[in-house]
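Trainee: I would like to learn how to read a protein model. Can we go through one together?

Mentor: Gladly. Have a look at it, then ask away.

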Amino acid sequence: MAWYDNLSDAETVSVSPDGKTSQAPEMSNVDLAKNLARAIGQGLSFGFADEAEGYARSILGDETYTEARDSARASLEQFREEMPITAYGSEIAASIPSALVGGAGLTAARLTGKIPQATALGAAYGAGTAEELEDVPVSAGLGAATGAGFQKYAPRVTQGAQELLRRGVPVTVGQMFGGGAKRLEEAATSIPIMGDVIKGAQRRAMERFGAASFNEALEPIGKKIPKNLTGREAYEAAEAQISKAYDDVIKDIDLPAGQSFVQSVSGAVGKYAGDLPKKEADQLAKIINRELTNRIKNGRLSKQDFKDAQSAIRGQAYTFSTSTDAYQKQLGDSLNDVAGELFEVLAKESPDLATQLKKVDTAYSRFVPLQKATAKADEGIFTPAKLRQEIRAGGRRTPAAMARGELPMQQLAEVGQDVLGAKLPETGSAVRGMLGFGALGGAGASVGKPLEAMALGGLASGLYTRPAQAFLRKLIPVTAGALRTPAAAGLLSGEVAKRDIPYLTIRPSDRNLLD
């Protein structure tokens with residue numbers, strides 16, 4: 001059985017076992033449905049559906065097994081030629097559940113590991129694509145090698161990249177796969193023209209990481225910032241959402257602020273003042289006394305006064321925490337901690353509001369490191385590394401939680417650093433040097449064509465435009481996933497086995513020797 005190139009769209013040449021050729025008419029809708037079923041059957045049966053059909057038709061009809069099998073194969077080949085995407089796509093898709101079942105069976109048989117299992121399943125599918133029994137060893141061997149190779153080398157989206165993509169971060173193709181692909185992409189930023197476009201794509205990912213971080217901070221109160229906001233605009237939108245959520249909780253109450261309230265506030269101050277030098281500890285107590293305690297009137301604290309106190313404390317916390325003086329920064333962190341404790345004090349005094357206040361408090365605790373990172377970043381666009389630094393600085397009192405990765409926003413910051421963080425130094429990298437030299441004319445300049453090399457870089461930079469990256473983010477994982485199926489390994493091995501390749505092809509004379 002064979003299929004040939006340079007045929008019209010309406011006909012296919014088939015070869016019968018006696019060597020005669022005939023023209024195959026264009027498929028009808030009925031034939032299309034049958035061939036689609038054949039392709040799906042091939043995928044489900046590891047390529048043995050044509051043999052199964054030949055056997056069934058030989059039992060139920062007048063055809064011999066060989067005639068029926070070859071007829072089924074001819075129809076399937078016509079389907080593949082006329083509608084390759086549908087034919088191969090349906091067969092590959094149908095092989096996925098079979099691969100899952102086969103993998104479970106291999107695991108039960110104690111053959112574990114993705115590559116060993118891919119080898120075994122590829123061999124099985126390769127055997128299924130063999131045209132004759134004597135072709136099975138070659139096809140199975142090719143299927144085994146191809147299955148192992150695709151499983152090992154087909155690109156795979158990292159778990160961290162999947163997480164960022166889920167949160168709306170448009171990671172670049174290199175960042176999506178990590179490893180060598182990411183390092184090569186970073187090295188390519190040294191190429192004129194192309195490098196600027198790649199940096200632009202990387203910056204877009206960084207901007208959206210900031211937006212995703214603010215959205216995670218807002219998750220406890222069920223809010224998100226408007227789409228497409230980045231930098232300081234994203235920060236302001238998130239701050240407004242938290243402020244509004246807080247207002248909505250305490251809008252109708254005046255707080256009882258008697259002796260127990262004052263004692264709770266004093267306890268919160270003392271808890272954090274103990275870690276400060278005396279000057280900063282005294283300053284902490286004075287700020288809380290001025291901004292909060294002095295607002296109490298007749299044993300009560302109005303909603304507006306409590307809100308104004310919190311706003312003033314947070315404002316000064318922000319000012320101190322962004323100072324270059326280490327002790328002042330520590331004071332700012334302590335003020336933030338006390339502001340957080342006030343939520344718990346308020347919850348004790350108003351138990352019916354405890355649940356809502358806890359959500360606002362959680363959102364605010366996540367927001368604090370984002371606030372600091374934004375303040376120190378150009379245009380408010382911070383890196384995952386900068387966010388991680390602020391989280392670690394704020395978690396100095398809870399080293400165990402830091403070690404377990406349980407600090408607010410810590411896991412997202414670490415995922416962002418792993419996926420978006422640079423793996424190559426900005427300068428001095430051998431990979432950067434070699435890639436830049438080659439693109440600028442290491443080879444090109446030696447023949448006097450540096451402009452052509454730069455033009456090639458400009459053309460390649462089109463891959464990093466927004467539409468191209470969006471397309472590749474969808475196409476490459478789907479293609480790579482298809483390559484890792486047994487069907488891909490079996491189909492490719494079957495095509496290779498059909499070719500007249502020395503040491504792989506078994507000729508009729510060779511078969512005589514086997515008899």
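Trainee: Which residues form one aromatic cluster?

Mentor: First, a caution: this is a predicted model, where local features need pLDDT of at least 70, side-chain atom pairs count only at pLDDT 80 or more, and totals for chains, interfaces and linings use all residues. Residues are numbered from 1 along each chain as its sequence is written, and side-chain values use heavy atoms, leaving out hydrogens and water. Rings of Phe, Tyr and Trp (its six-membered ring) pair if their centres lie within 6.5 Å. The cluster is made of F209, F214, Y235, F367 and F382.

Trainee: How many aromatic pairs does a search of the whole structure find?

Mentor: Planes under 30 degrees apart count as stacked, over 60 as edge-to-face and the rest as tilted. The search covers the whole structure, and the number of aromatic pairs is six.

Trainee: Is the pair of F214 and F367 stacked or tilted?

Mentor: The ring centres of F214 and F367 are 6.3 Å apart. Their planes stand at 45 degrees, so the pair is tilted.

Trainee: How far apart in sequence are the parts that F214 and F367 tie together?

Mentor: Helices are DSSP runs (H or I, at least four residues), numbered from the N terminus. F214 lies in α10 and F367 in α16, residues 354–375. The pair therefore ties together parts whose separation in sequence is 153 residues.

Trainee: Are F214 and F367 buried or exposed?

Mentor: The test is relative accessible area, with a 1.4 Å probe and protein chains only: buried is under 20%, exposed is over 50%, and partly exposed is in between. By that test, F214 and F367 are both buried.

Trainee: Is the pair of Y235 and F367 stacked or tilted?

Mentor: Y235 lies in helix α11 and F367 in helix α16, so this pair ties together parts 132 residues apart in sequence. Both residues are buried. Their ring centres are 5.3 Å apart and their planes are at 15 degrees, so the pair is stacked.

Trainee: Which helix gives the largest share of the lining of the second largest cavity?

Mentor: On a 1 Å grid over the protein atoms alone, a cavity is a set of points where a 1.4 Å probe fits but cannot get out; lining residues have an atom within 4 Å of a point. The second largest cavity holds about 40 Å³ of space, a volume being the space filled by probe spheres set on the points, which are joined across faces, edges and corners. Its lining includes M206, T230 and F382. Four lining residues, the largest share, come from α10.

Trainee: What is the volume of the largest pocket?

Mentor: A pocket is an open set of points with protein on both sides within 12 Å along at least five of seven lines. The largest pocket is lined by 26 residues, and among those nearest its centre are Y272 and D337. Helix α16 gives eight lining residues, the largest share. The volume is about 720 Å³.

Trainee: Which residues is L284 in contact with, leaving aside its neighbours within four places in sequence?

Mentor: L284 is among the residues that touch the most other members in the largest nonpolar core, which has 77 residues. Such a core is a set of buried Ala, Val, Leu, Ile, Met, Phe, Trp, Tyr and Cys residues joined through side-chain atoms within 4.5 Å. Contact means heavy atoms within 4.5 Å. With those neighbours left aside, the contacts of L284 are V269, Y272, A273, L276, L331, S334, L335 and V338.

Technical notes. Helix = DSSP H or I, 4+ residues; strand = E, 2+ residues; numbered from the N terminus.
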